[in-house]
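User: Hello! Could you walk me through this model, one question at a time?

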There are 4 protein chains.
Amino acid sequence: MSSTLGIAVIGAGRMGADHARRIGRTVGGARVVAVADPDGDRAKEVVRGLEGACAYTDAAAAVAAPGVEAVLIASPGPAHEEAILLALERELPVLCEKPLTPEPAGALRVMEAEQRLGRRLVQVGFMRRYDAEYERLKELLDAGGLGRPLFLHCRHRNALSPSWFTSDMLISDSVVHEVDAARWLLDQEITAVSVLSPTPSSAAPEGLRDPRLVLLETSGGAIVDVEIFVNCGFGYQVQCEAVGEAGSARIGDGHAMVVQSAGRWGGEIAQDFTVRFADAYDRQLRRWVAQAARGRAEGPTAWDGYAAAAVCEAGLTAARTGVRTAVELTERPPLYR
Amino acid sequence: MSSTLGIAVIGAGRMGADHARRIGRTVGGARVVAVADPDGDRAKEVVRGLEGACAYTDAAAAVAAPGVEAVLIASPGPAHEEAILLALERELPVLCEKPLTPEPAGALRVMEAEQRLGRRLVQVGFMRRYDAEYERLKELLDAGGLGRPLFLHCRHRNALSPSWFTSDMLISDSVVHEVDAARWLLDQEITAVSVLSPTPSSAAPEGLRDPRLVLLETSGGAIVDVEIFVNCGFGYQVQCEAVGEAGSARIGDGHAMVVQSAGRWGGEIAQDFTVRFADAYDRQLRRWVAQAARGRAEGPTAWDGYAAAAVCEAGLTAARTGVRTAVELTERPPLYR
Amino acid sequence: MSSTLGIAVIGAGRMGADHARRIGRTVGGARVVAVADPDGDRAKEVVRGLEGACAYTDAAAAVAAPGVEAVLIASPGPAHEEAILLALERELPVLCEKPLTPEPAGALRVMEAEQRLGRRLVQVGFMRRYDAEYERLKELLDAGGLGRPLFLHCRHRNALSPSWFTSDMLISDSVVHEVDAARWLLDQEITAVSVLSPTPSSAAPEGLRDPRLVLLETSGGAIVDVEIFVNCGFGYQVQCEAVGEAGSARIGDGHAMVVQSAGRWGGEIAQDFTVRFADAYDRQLRRWVAQAARGRAEGPTAWDGYAAAAVCEAGLTAARTGVRTAVELTERPPLYR
Amino acid sequence: MSSTLGIAVIGAGRMGADHARRIGRTVGGARVVAVADPDGDRAKEVVRGLEGACAYTDAAAAVAAPGVEAVLIASPGPAHEEAILLALERELPVLCEKPLTPEPAGALRVMEAEQRLGRRLVQVGFMRRYDAEYERLKELLDAGGLGRPLFLHCRHRNALSPSWFTSDMLISDSVVHEVDAARWLLDQEITAVSVLSPTPSSAAPEGLRDPRLVLLETSGGAIVDVEIFVNCGFGYQVQCEAVGEAGSARIGDGHAMVVQSAGRWGGEIAQDFTVRFADAYDRQLRRWVAQAARGRAEGPTAWDGYAAAAVCEAGLTAARTGVRTAVELTERPPLYR
């Protein structure tokens, strides 16, 4: 650890700026050397507080900048594939915010490029795998503490959706987290998706089908139900109850401090994923930096990104047609087994 | 209330014996005067501890016995219709254990008989409506505390199913409680049913499709999902989370006493509905007796029994075919509005 | 149980009126035949809704009224002794609201009268012993589930104290419940009392030393600490954590329904002991009636009333002097062993 | 942050080894350059995994080693004063594990040395101030959310005490954490201490007075009660309920994952402070490194260490004599206001 890992951050929006700040503040052994955003002012804004980092409007220039040893991609989904391929050309480790690519086809091309290199360099930013509660649930499931899993009952709620959020994004941008969490917790693939939609909440913007109930079937015969509700009003909440043959376990209640006041007992609900998953983001970045410094990648793979994209594609079809839709996956390449 | 209400109990199985004991012990103003069961020994067994009560093998004889002023029916479902009609002939108030009748057709005939009398005499034993937690949830929903309801997430779990339990009974005998609870809590009818089945638990008897996920759609555009799991192993558990436009509320956690011992914190889970719903059964019986003493009935109506039967019928079709099935209801007669 | 037990209710204040209503509504096999209160209008008010009950201004007249088979005393503490002795002269079972008598001396005289009769007729209204959660804690302790008890940590909170409440009453009227609960749960006597007083809450009326921390030492070497806070503002709350050599158990959290709304999760706190202990009052009265109908008494004895009075007397001394004060008890008569 | 802060770790026992590992693993911008322990093998063992760090048997040599820019002291309490003074001679920032010094006199000498330098360089390792739950409670109290504080009810439990633990250490080694937490949470000094001791648990080693109830009175008229129980058997548990004029708040329940299995609901209790306070230790070290790199200290001061030592001294007297003991503090020097 005599020197620190030089990182190029692609995308200077909310997530990119957050990650750049994290690298400086809570992750040892790394420093941002380049930040790219088509909006050059945004890139400069992020770079301002970072000693020795330069701003770019072009992702390719940032990836090729001197001192870049790893690439963190936080640009909009459609820009991911190009940036990943640029990094792979230079054999640089990549941490790519989810989705890996918006459609399965792009993810397949990423997997091909990575397979040509013959080793894993790409990690997808499914940060729930780094959350302490998820980790404990995963350990319990892996240890057989609940027996064979039968159900995952999931709640995914946001206080308010941003103005640009669409009905499709409830699935491809939000439920995609449960898709990965379910695949990871169960160590199974998703085989079919159904979607049920209640009359939308009057708190949701006109035209947004919010909330929804998304039902996933898995290769091991389990059922996953996800309430996705991005305008629930009361806060950000991610809960998961795993029900197995021998018991159930629930995470996400978040009962840290209990207050009694004015006739009520209870506590606060986090208003935002940056609060709820702050530690998970930190841990993800620390572990990625530690691996990237050795030229390697661990964590969620390009295959995980591909499978999530394929499930979301089927989910969008199911939502549109109202009919249960099977998920089609290509064969899993040896690199990802 | 100078004298006490004379009650005929039809059916001397577990539920009938329980009710007879309740009437003697915790319900004031009532006494059992007749107990009927085709198995005469069982009826005599129940009657033994009850001063002034006679045993019968024939329901008709019990209903016609001297001093009978009200009828409590706890025989098997297929015997309900006949017993109810016998009571209605004599214009006696009836408390009938669920299901009112196994099929909707029988319930329609009961409704016709009651309509001919022009007043309500029949109450169905959906005792959850008398549970303190359900009552609080109902009050909250009625007061608009959660806004318009969007979801009910329900868990219905038994430690073990009895040997004679069938896959159909998961719906018609177990989920029927959620069907009524959902109709009552939301004040809406169920319009369609879907059923998803994970690979059955290895803890379930051979051939039993246990657990299942039953999905109900309502006339007000809400979605109700019910996990029914009658061999969950860990206890009897009935939970319900109502999610509305303005918040959510959950009942059924049952966190009465928290113990810390041997590296764990937590508490006991009730093993049986007689423990979980003991107070609800008491309250149901007390309120019914109070009304019956005035020759009236309140609480769940024959229409509620009919609607539950119709939903279960659709549920069985959905389970058999794997396809979403619409619920067909006749028009609601004025007596039940 | 062909006929019902005739009860004289002495005292027509809040508790007396409540008990009279209970007897009519939720307790079978009993009826109020007489109500006495020096304020005759109050007695008449209570009697109004009760068929066949007469109002009296004189306790003696009510106890001697025709049809009286048992006496329920809910008058102010200083009037208890006389009413109990009147009932004992007629060998009538008595349920006396706590305190049995305000001072230990009066309780000793009651015990003498009862011992002369040679059988137990007096029960003190320590209704917590009939609360479902306390019962479960008692069972756990008796079964040795926590090992030998070391601590009871108690919280006793009222939203607001009535205008006539005094600093002494925090101990003699409120903590007296914990005194009995501790003696009953541990099956030990209290041997010494200390009192610590923080600066009174500005929410408490001028001059009221509220809250306080009362420390009880027991004959078995356990320590009981009681936070008594009668103007806590947020509700009525009775909690107890028992800590033993092998674990701890806590009751009184009352987490029945969990609501999520407006950035917070949680639930309501009962505002009143009539809500929190409604079932305990019902059960106490039902069991007392069942015993009284046989001319007997169970439940908390006159000795329990005496011991509580002696502990409270020591507690008042400790509060006044700021010094730990030993509790002096007479020898326990055989009738109460 | 081009270069990293060179740290000398004094003491290579459990805490010292832990801290050295933390610096390497989760704290950016710092590296261990020297480790000192009278047991040279232990120092070498710790140094083994750390590139560029040397082992010493002498604290003075380690503090004077090339590249040392800050000193972390984790030796036994009696060795603290000397090591701190060595560091202060060189004007190096110090993080000293609690207790600052075993007796108040030593702490006064440390304060004098620091005052001579005219700026703060010493931080005491009261790491609870860096725990997320404590931080939230502190914020709530500071914001006035509970009104003026009246009580802190504290539980401090260890599964098992180490073999060398003494009755005095229950106070000076364990309750010292609550002493600091109470002073910090309330922003008040402790003015008197009382100690009550139940019959020791049979689970405690012969001769150890375990558990105890320690009662602290504060300058602002609040009462702090601490159950200290170092052989509770079931786990490591630190709870605190703050009761104020307007409500109460409780931390330390630790309800992260709720499991239902085999007739019980609940979760695991952390077995160890390294689990419960892992994040607090990380955060403490990160913030100290960030300040030390600027030649400054924040966090708990030498005055905090002195006050804690004075309260513990009074506590030991109270425990020995059984009598409430006043705490005597010198005047607070301007540097620590």
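Analyst: Happy to. Helices (H or I, at least four residues) and strands (E, at least two) are DSSP runs, numbered from the N terminus. This is a predicted model, in which local features need pLDDT of at least 70 and side-chain atom pairs count only at pLDDT 80 or more, while totals for chains, interfaces and linings use all residues. Residues are numbered from 1 along each chain as its sequence is written, chains are lettered from A and ligands numbered from 1 in the order in which they are written, and side-chain values use heavy atoms, with hydrogens and water left out.

User: Which residue with a positive phi follows H6(A)?

Analyst: Helix H6 of chain A spans residues 132-142, and its buried residues include Tyr134(A), Leu137(A) and Leu141(A). Buried here means under 20% relative accessible area, exposed over 50%, and partly exposed in between (1.4 Å probe, protein chains only). After the helix comes a residue with phi near 80°, and that is Gly144(A).

User: What does the UniProt annotation call residues 134-249 of chain A?

Analyst: Over this stretch the chain is 25% helix and 35% strand, with the end C-alpha atoms 11 Å apart. UniProt positions are given in the numbering used here, feature names are shortened, and annotations may be inferred rather than shown by experiment. The name comes from an unreviewed entry, and reads "domain: GFO/IDH/MocA-like oxidoreductase".

User: Which strand gives the largest share of the side of chain A that touches chain B?

Analyst: The contact (heavy atoms within 4.5 Å) takes 36 residues from chain A and 36 residues from chain B. Between the two chains there are 4 salt bridges, a salt bridge being a side-chain nitrogen of Lys or Arg within 4 Å of a carboxyl oxygen of Asp or Glu; one pairs Arg155(A) with Glu241(B) at 3.6 Å, N to O. Strands S7, S9, S10, S11 and S12 of chain A each supply at least two residues to this side. The largest share, 5 residues, comes from S7(A).

User: How much area is buried between chain A and chain B?

Analyst: Buried area is the accessible area (1.4 Å probe) that two parts lose on being put together, summed over both. Carbon and sulfur atoms give 59% of the area between these chains. Phe151(A), Leu196(A) and Glu245(A) supply 18% of what chain A buries against chain B, more than any other three residues. The area buried between the two chains is about 2600 Å².

User: How many residues apart are Asp304(A) and Arg183(A)?

Analyst: Their side chains meet in a salt bridge at 2.9 Å, N to O, and both residues are buried. They also belong to a network of salt bridges with Arg129(A), Asp180(A), Glu189(A) and Arg332(A). Asp304(A) sits in helix H10 and Arg183(A) in helix H7, so the pair links distant parts of the chain, 121 residues apart.

User: Is Arg337(B) buried or exposed?

Analyst: The side chain of Arg337(B) meets that of Glu331(B) in a salt bridge at 3.6 Å, N to O. Glu331(B) has a relative accessible area of 65% and is exposed. Because its relative accessibility is 64%, Arg337(B) counts as exposed.

User: Which helix holds both Glu45(C) and Arg48(C)?

Analyst: These two form a salt bridge, their closest N and O atoms being 2.8 Å apart. An α-helix has 3.6 residues a turn, so residues three or four places apart point the same way. Glu45(C) and Arg48(C) are 3 residues apart, about one turn, and both lie in helix H2 of chain C.
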